[in-house]
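Let's take a walk through this assembly together, chain by chain. Please have the sequence and the 3D view open as you read.

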Amino acid sequence: MTPEVLLDYRPLWAVLISLIAAVLIMFHGKRPNLREAWTIMAAFGKAIIVFSMIPAVLAGKIPAIEPIHIAKGITLHLQADPTGMVFAVLASVLWILTSFYSIGYVRKLEEKHQTGYFASFAVCLSATMGIAFAGNLLTFFIFYEILTIATYPLVVHKRNKEAIDGGRKYLAYTLIAGQLLLIGIVWSYVLAGTGDFQPGGFLAGAAASDTVLKVIFFLMIVGTAVKAGVMPLHGWLPTAMVAPTPVSALLHAVAVVKAGAFGVVRIVGFVFGPELLGELGVAAILAGVAGFTIVCSSVIAMNQDNLKRRLAFSTIGQLSYVVLGAALLTPLSMIGAIFQIVAHAFMKITLFMVAGAIHATAHLDNVSQLDGIGRKMPFTMGAFTVGALGITGMPLIAGFIGKWNLALGALEAGKPIYVAILIISAMLSSAYLLPIVYKAFFKKPSLVSHHDSHGEGHHDHGEANKAMLIPLVMTAIISIVLGVYPNAGAHLYDFAVMAVQGIVSGQVIGGGW
Amino acid sequence: MIKEMLSSRVIYWLILVMFMLGPFGMILQKNLVKKIMAMNVMQVAVIAFFLVLGQKEGATLPIEIQGLMGAVNYINPLPHALMLTAIVVSLSITGVALALLLLVQKQYGELEEDELIRRMNQ
Amino acid sequence: MMEQLPALLILIPLLTALASPLLSYLSGRLVRCTALAALLAAVFCAVGILTRVLSEGTWHYRFGGWEPPWGIEYAVDPLAGALAVLITFINFMALIYAKTEMEDATRTKKGVFYALFLLTTAGLLGMTVTGDVFNLYVFLEISSLSTYALIASGGKRAIFAAFRYLIIGTVGGTFYLLGVGYLYAVTGTLNMADMAVKIQPLLNTPAVIVAIASIVAGMGIKMALFPLHGWLPDAHTYAPTPISAIISGIMIKVPAYVIFRMLYFVIGAGEGPVQQALTVIGCIGAAGIIHGSIMAIAQKEFKRILAYSSMAQIGYVAVGLSIGNVYGLIGALFHVLNHAVMKSCLFMVAGAVKWRTGEYRIDKIMQVSKKLPLTMFAFLVAAFSMVGLPPTAGFFSKWYLVLGAFEAGKWPFIVVIILSGLLNAVYFFRIIENTFLRKKEGAEAEAEEKEIQTATGLELPLTMLVPILILGAGVLIIGVSNQQIISQVIQYALPGGGF
């Protein structure tokens with residue numbers, strides 16, 4: 001089944017709208033309300049554009065723009081295929097919620113450089129959209145690098161030494177990765193004469209030895225896995241948590257790391273294709289690394305006292321689920337991988353927003369200080385509980401669906417060891433997330449520690465302000481809704497299935513959730 | 001003897017030696033005026049090279065003499081014409097170089113390179 | 001009139017240059033306006049020539065109606081035409097920018113400055129359009145001589161830098177002349193087109209090999225190829241800013257063009273000695289990329305960083321020429337264009353920062369982005385382009401170079417190009433950190449804050465701001481429209497007509 005390609009400029013507009021907003025934001029730095037209005041309008045506009053494409057894509061069509069020639073033989077190509085739609089829908093929905101949350105957060109904390117902050121944010125979203133809709137490797141790369149650069153001002157937002165060092169580390173990792181990816185892209189372009197993503201891969205027919213293909217795979221995967229935080233390439237992620245929480249929330253739970261994970265899916269499914277990778281045997285190595293990351297990061301997460309760092313390591317582990325799913329190469333595992341992108345985004349963003357809300361309202365950053373905070377901020381911590389349970393893989397919350405498919409995929413691939421890893425990981429994540437819930441609700445607050453660290457006056461805080469509270473409750477609710485009806489609203493699960501069907505070219509996918 | 005030498009390859013070797021003396025002097029001499037001299041030696045070597053190219057045995061100046069016909073009897077005038085230009089160029093370079101040296105001397109009171117660099121970095 | 005365009009292109013700046021010192025007796029303003037008008041006219045001439053050449057092919061203009069090989073011929077092909085446009089445009093921008101630099105100068109000094117500037121331009125233009133190898137030497141020395149004087153006008157240390165450049169540059173010129181001597185000896189002609197035909201049977205003779213070697217060595221010095229780059233850092237650093245901008249943007253590119261012209265068009269890059277020469281150029285180009293980038297990281301002064309970076313970037317051009325296939329050459333030519341635009345933009349930014357804060361050291365210009373927001377935005381764009389981040393122009397030259405290197409199977413070049421991008425990132429992000437992120441502390445910071453708050457009007461005089469912004473925007477425009485530039489212009493500039 002080759003899907004019909006529809007000439008449509010909506011993918012381009014989805015990219016451009018936040019870029020235009022970024023310019024407007026820069027010009028209205030002196031008028032905060034107008035500036036924020038642009039953010040909100042662009043966020044809604046983007047979501048409307050993306051959602052308006054859902055029916056067409058569901059009907060098996062692919063809205064795509066007329067390719068723009070940007071370099072000899074290579075075009076800038078944007079198309080909304082099912083895989084891209086999953087990511088685009090996700091990012092556009094979450095941008096709306098994070099925008100409100102950001103406004104609440106930065107105003108509460110009276111952050112400086114707000115104009116640059118919102119502008120960079122908007123550029124990041126453009127880049128994310130571009131990555132989602134990229135129709136070939138060069139387009140993907142261009143937006144991938146824009147994302148790297150646009151994130152940098154957000155990472156160094158605080159302008160202190162820690163932030164600058166974090167920014168350096170972030171750039172060192174991501175720029176080097178970008179260059180490796182570039183080599184891989186040029187090489188595959190020279191071999192295959194094209195860079196267009198094709199379900200099932202385009203490198204299969206290329207006249208190249210296995211060794212060359214393995215090297216290309218290695219280059220590309222390293223290039224994308226750095227952003228996805230696969231160990232041992234994860235070093236930048238915890239450091240980059242010095243950024244303000246909404247940044248961590250959207251970028252380090254959704255945009256940047258997911259761009260990496262999404263890149264892995266693209267490379268496995270659309271550049272090499274499962275068949276070729278099966279022959280080369282390199283995917284098994286990737287799966288091994290991902291499995292190692294899952295377990296290892298969870299163990300490290302248990303030892304982190306800083307809440308955001310703990311969440312960061314949890315992110316590293318959870319993202320490797322996506323990489324693992326792609327690397328197992330079976331249809332079910334790939335569906336699991338794509339759906340895990342969605343599920344983890346909603347759950348982890350909830351957790352990050354909670355961490356930010358606690359930081360902004362109660363001025364607490366460490367897990368050990370959270371005793372009894374659930375009594376003062378019941379809604380916030382309620383949302384946290386939902387997110388935490390989802391991460392552990394509790395049924396009826398979105399995370400379960402991805403993991404269930406992954407487990408089935410692992411069995412299908414005849415590698416039950418990964419089922420074991422999934423179970424261990426679930427237990428480990430319960431071990432590092434659920435104690436927080438327990439402390440928050442069932443332990444008595446220890447006033448001493450509050451006074452020690454922050455002087456007086458902070459223990460009489462109440463619930464977080466509404467701009468922060470409503471988005472985080474909504475993401476928690478969406479996590480539950482997606483857990484019960486994975487197709488609710490945007491048909492994300494259907495898209496995942498369609499995408500994988502394209503990759504395995506119509507092979508019947510049995511079972512699944 | 002000399003005539004033979006000049007019409008054989010030896011002259012080219014001489015020119016080459018002269019040419020190489022230029023960079024040699026520019027690198028080894030620490031006095032800036034001597035550097036300019038070395039530069040001039042190098043330029044003169046190239047000028048001589050061109051002139052030798054235009055030479056021909058038994059030919060005369062490229063000014064038409066009554067009754068003497070045929071290109072064989074005249075030396076090639078083109079290299080001479082070119083070298084007039086080259087001499088002008090080399091003259092102006094020398095001029096600019098000396099002007100710069102005057103300024104250097106005025107600023108630092110020194111034309112020995114080592115001492116000059118030491119004074120500049122003070 | 002249209003028929004005489006190639007002559008006008010040279011004559012307008014040349015004659016205006018002669019008139020400038022005289023005009024300066026009347027008024028300083030008048031000199032400036034005349035110089036600007038002359039360069040603008042040259043821009044139009046160049047554009048006119050390029051459009052005609054693109055539609056009708058190479059334009060053979062005979063000076064005084066003398067047929068070659070007796071007369072001097074100007075042969076403008078698309079390559080020369082495009083380069084002429086670039087030269088006139090960048091120099092025009094630099095001349096606009098030069099106003100604040102010359103603010104306090106006496107009238108006479110102004111007159112001389114503009115005269116020299118126009119002479120440089122005329123020399124560079126002559127080098128590109130001429131079809132005669134000896135004529136090229138004359139123009140080379142015209143442009144060099146006036147540049148020495150211009151550099152020397154930058155102050156105390158600039159004088160010595162200029163002297164050093166003069167010595168080394170003259171060696172380069174003399175080497176080139178020696179090479180021309182050999183070529184003339186074996187072919188008996190100085191006309192490029194004529195020579196290209198006559199030299200074919202003689203390719204492997206010792207004379208031609210020596211000629212190639214000395215021409216490459218001579219032009220290598222002028223384009224600051226590693227390890228012949230010794231003159232470059234000082235000359236770039238101490239020259240007045242508009243002059244730094246044109247030496248880095250244009251002066252070191254034109255010799256690269258001469259090498260390209262001689263090796264690919266005149267001698268013909270089939271095999272044998274030319275191929276070997278190209279291999280050598282590629283290797284030292286690659287070494288220069290690494291050396292220049294590392295040295296740039298070690299520097300503390302804004303302009304010095306840019307100087308070493310220029311030396312690295314000229315290596316890209318050398319590598320592209322050495323790769324030698326279609327993509328490699330496109331990459332090299334495209335990079336000539338890109339680097340001219342972005343590096344002159346960067347130098348102008350450095351000059352603007354110095355003008356505003358009085359500082360060149362990058363650890364003393366903290367938070368200058370607050371004072372010069374638009375300027376520093378242009379800086380960001382140009383810096384990203386230097387690092388090679390899409391969608392700026394620098395990315396695409398890198399893309400073509402890497403593509404060419406892959407096709408030719410020249411792996412070391414790929415590694416070098418990629419590595420260089422990362423090294424560029426190191427020093428540019430260091431500048432970005434200092435100028436955007438770090439703050440001054442204590443009372444100094446408060447005074448600074450106050451200054452920023454109370455500052456009114458434009459951040460820079462318009463004569464500085466406009467060129468910076470135009471060039472900054474140019475980096476983006478070239479990047480986005482690189483497909484047009486390559487398919488409409490650059491591909492016709494390749495030997496054999498491109499694709």
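What follows looks at how the chains meet, then at two individual residues, and then at the model's confidence in one chain.

Before anything else, keep in mind that this is a predicted model. Chain A and chain B do not touch, and their nearest C-alpha atoms lie 33 Å apart. There are two pairs of chains in contact, and of these, chains B and C share the most contacts.

Let's begin with the side of chain C that faces chain A. Here 30 residues of chain C are in contact with 28 residues of chain A. Together the two chains bury about 2,900 Å², with 77% of that area on carbon and sulfur atoms. If you want to find the residues of chain C that lose the most area to chain A, look for C:Trp399, C:Phe406 and C:Leu437, which together account for 22% of what that side buries.

You can find a salt bridge where the side chains of A:Arg168 and C:Glu433 meet, at 2.8 Å from N to O. As for the helices involved, α17 (393-408), α18 (411-437) and α21 (482-493) of chain C each supply at least two residues of the side that touches chain A. By class, that side divides into 22 nonpolar, two polar and six charged residues.

The area buried between chain C and chain B is about 2,900 Å², and 85% of it is on carbon and sulfur atoms. C:Phe160, C:Phe163 and C:Tyr184 supply 21% of the area that chain C buries against chain B, more than any other three residues.

How many salt bridges are counted between chain C and chain B? The count is zero, while the rule for polar contacts finds two residue pairs across this interface.

Let's zoom in on a residue of chain B. B:Glu113 is found in helix α5 (residues 113-120) of chain B. Is B:Glu113 buried or exposed? B:Glu113 counts as buried because its relative accessible area is 11%, under the 20% cut-off. Beyond its neighbours in sequence, B:Glu113 touches B:Lys30, B:Leu32 and B:Lys35, along with C:Phe160 and C:Arg164 of chain C.

C:Val475 is buried, with a relative accessible area of 2%. Its contacts beyond four places in sequence include C:Val341, C:Met342, C:Val381 and C:Ser385. C:Ser385 is 90 residues away from C:Val475 along the chain, yet their C-alpha atoms are separated by 7.2 Å.

Finally, a word on confidence. Chain A averages a pLDDT of 82, and 93% of its residues score at least 70. Over residues 448-458 of chain A, however, pLDDT stays under 50. Where pLDDT is low, the predicted coordinates should not be read in detail.

Definitions and conventions
Residues are numbered from 1 along each chain as its sequence is written. Chains are lettered from A and ligands numbered from 1 in the order in which they are written. This is a predicted model: local features need pLDDT of at least 70, side-chain atom pairs count only at pLDDT 80 or more; totals for chains, interfaces and linings use all residues. Side-chain values use heavy atoms; hydrogens and water are left out. Contact means heavy atoms within 4.5 Å. Buried area is the accessible area (1.4 Å probe) that two parts lose on being put together, summed over both. A salt bridge is a side-chain nitrogen of Lys or Arg within 4 Å of a carboxyl oxygen of Asp or Glu. Helices (H or I, at least four residues) and strands (E, at least two) are DSSP runs, numbered from the N terminus. Ala, Val, Leu, Ile, Met, Phe, Trp, Tyr, Cys and Pro count as nonpolar, Asp, Glu, Lys and Arg as charged, and the others, Gly among them, as polar. A polar contact is a pair of N or O atoms within 3.5 Å; within protein, one must be able to donate a hydrogen and the other to accept it, and residues adjacent in sequence count only if both atoms are side-chain atoms. pLDDT is the predictor's confidence in each residue, from 0 to 100. Buried means under 20% relative accessible area, exposed over 50%, partly exposed in between (1.4 Å probe, protein chains only).
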